[in-house]
Amino acid sequence: MSVLLSTRATSVLRGVDLGLLQTNVISTRSFGIKSTLRAQKFMAKLARQDAKVSSSITALKETEQSQDPLVEDMPRELRVPMTPLPIRADTMERRWGTKDLEDLDIGIRKHRKPENIADTIAYYAVKSARKPTDIFFRNKYLHRSVMLEVVAAVPGMVGALIRHIKSLQGMRHDGGWIGHLLHEAENERMHLMTWMEVGKPVLWERALIATVQTGFFAVFSLLYMVSPRTAHRVVGYLEEEAVTSYTHFIKEIDAGRIENVKAPAIAVAYWNLDESATLRDVVLAVRADEALHRDTNHHFSDRIRVGRESLYEDLDHADDKPHIKY
């Protein structure tokens, strides 16, 4: 018993895998110290460390006996990590390489022409907001991307919140929008988390970004309550500008003005990229997401305009699956 406890203490103090140490102890008892060279080395190392380990056994016992009550009381559903899912369902089917990302047909120059006064106001509002951004950030595309994603993560959450409240107040189904809007907000947040791993904004840039986000949150929330159709059109045009910005970002990388560093681990995991993925691959993946948000928000605006907000009315359903509204 003391050998096993000493082994466990060693694993904690020395950073050695517990399961491996226990296996070595068992194999030593069963087959003798001379059975494997690995067991011999392990026992020799254990003997040298006994003096250091003995003083920590008491503390280890106390730790095992007094578990953290907050962890013990954690509900089962909270023990399952809620891993963010990419916006494109086919992303997780296989590893994505550079060619796969380049071959995606996202409509780089796709543009929705304004059809009425509200669309025109939305279009020029976004265009006018881009000018000071170009002046301030110039070719600092990493910092520009942080600013863009801090703002872009707001509309989905605001839209989902307001539609959620309206669904409760009206005691009616939402039509399937809330889940999509929340997914969009989460996707934009993952963009931000990715860029924070690559670019590190300084303090005054963080302060500016936070100020812009706060102002945008207030204005967009008011706009969505007054005219959700115009709000989604604004987001559609904002995403058009995002696609343009990321296209310029890629050109800067190709020209060698921005180092094509290794992609951060969070990006490789989220978009299921090749292990050898680079910054350019990440920009391609983010641009593809923004193109999808562009099309989605323009479509949402169109549905509100024609009075057909429920997505379920136009979806195909198999005969053996009942139509369920959420």
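I started at Tyr237, which is found in helix H11; helices here are DSSP runs of H or I of at least four residues, strands are runs of E of at least two, and both are numbered from the N terminus. This is a predicted model, so I kept in mind that local features need pLDDT of at least 70 and side-chain atom pairs pLDDT 80 or more, while totals for chains, interfaces and linings use all residues. Numbering runs from 1 along each chain as its sequence is written, and side-chain values use heavy atoms, without hydrogens or water.

**Tyr237**

Is Tyr237 buried or exposed? I got a relative accessible area of 1%, so Tyr237 is buried (buried is under 20%, exposed is over 50%, partly exposed is in between, with a 1.4 Å probe and protein chains only). Next I listed its contacts, meaning heavy atoms within 4.5 Å. Leaving aside neighbours within four places in sequence, Tyr237 touches His111, Arg112, Lys113, Pro114, Asp119, Ala122, Tyr123, Val126 and His298. I also checked Tyr237 against Asp295: the two are 58 residues apart along the chain, and their C-alpha atoms are separated by 9.7 Å.

**Salt bridges**

My rule was a side-chain nitrogen of Lys or Arg within 4 Å of a carboxyl oxygen of Asp or Glu. That gave me 19 salt bridges.

Then I went to Arg280. Which residue pairs with Arg280 at 2.7 Å between the closest N and O atoms? Glu102 does. This pair links distant parts of the chain, with Glu102 in helix H6 (residues 98-102) and Arg280 in helix H13 (residues 279-306), 178 residues apart. Glu102 is partly exposed at a relative accessible area of 41%, whereas Arg280 counts as buried at 16%.

Arg280 also meets the side chain of Asp254 in a salt bridge, 2.7 Å from N to O. Here too the link is between distant parts of the chain: Asp254 sits in helix H11 (residues 228-254), Arg280 in H13, and they are 26 residues apart.

I noted one more pair, Lys99 with Asp103, whose side chains form a salt bridge at 2.8 Å, N to O. Both of these residues are exposed.

**H7 against H8**

I looked at how helix H7 (residues 117-137) packs on helix H8 (residues 141-170), and got an angle of about 145 degrees with the axes 10 Å apart. The axes are lines fitted to C-alpha atoms over the stretch in contact, and angles run from 0 to 180 degrees between N-to-C directions.

By class the contact has two nonpolar, two polar and three charged residues. For the classes, Ala, Val, Leu, Ile, Met, Phe, Trp, Tyr, Cys and Pro are nonpolar, Asp, Glu, Lys and Arg are charged, and the others, Gly among them, are polar.

Beyond neighbours within four places in sequence, Lys166 is in contact with Met171 and Arg172.

Met171 has a phi near 50 degrees, positive in a residue other than glycine. It is found in the loop between H8 and helix H9 (177-198), and it is exposed, at 77% relative accessible area.

Where is Asn272? I found it in the loop between helix H12 (265-271) and H13. Asn272 is not a glycine either, yet its phi is positive at about 55 degrees. Asn272 is buried, with 12% relative accessible area.

**Whole chain**

The protein chain has 13 helices and zero strands. Of its 326 residues, 42% count as buried. Among contacts with a separation of 6 or more, 74% come from residues 24 or more positions apart. The accessible surface comes to about 19,300 Å², with 59% of that on carbon and sulfur atoms; areas are from the Shrake-Rupley method with a 1.4 Å probe, and for residues only the protein chains shown count as cover.
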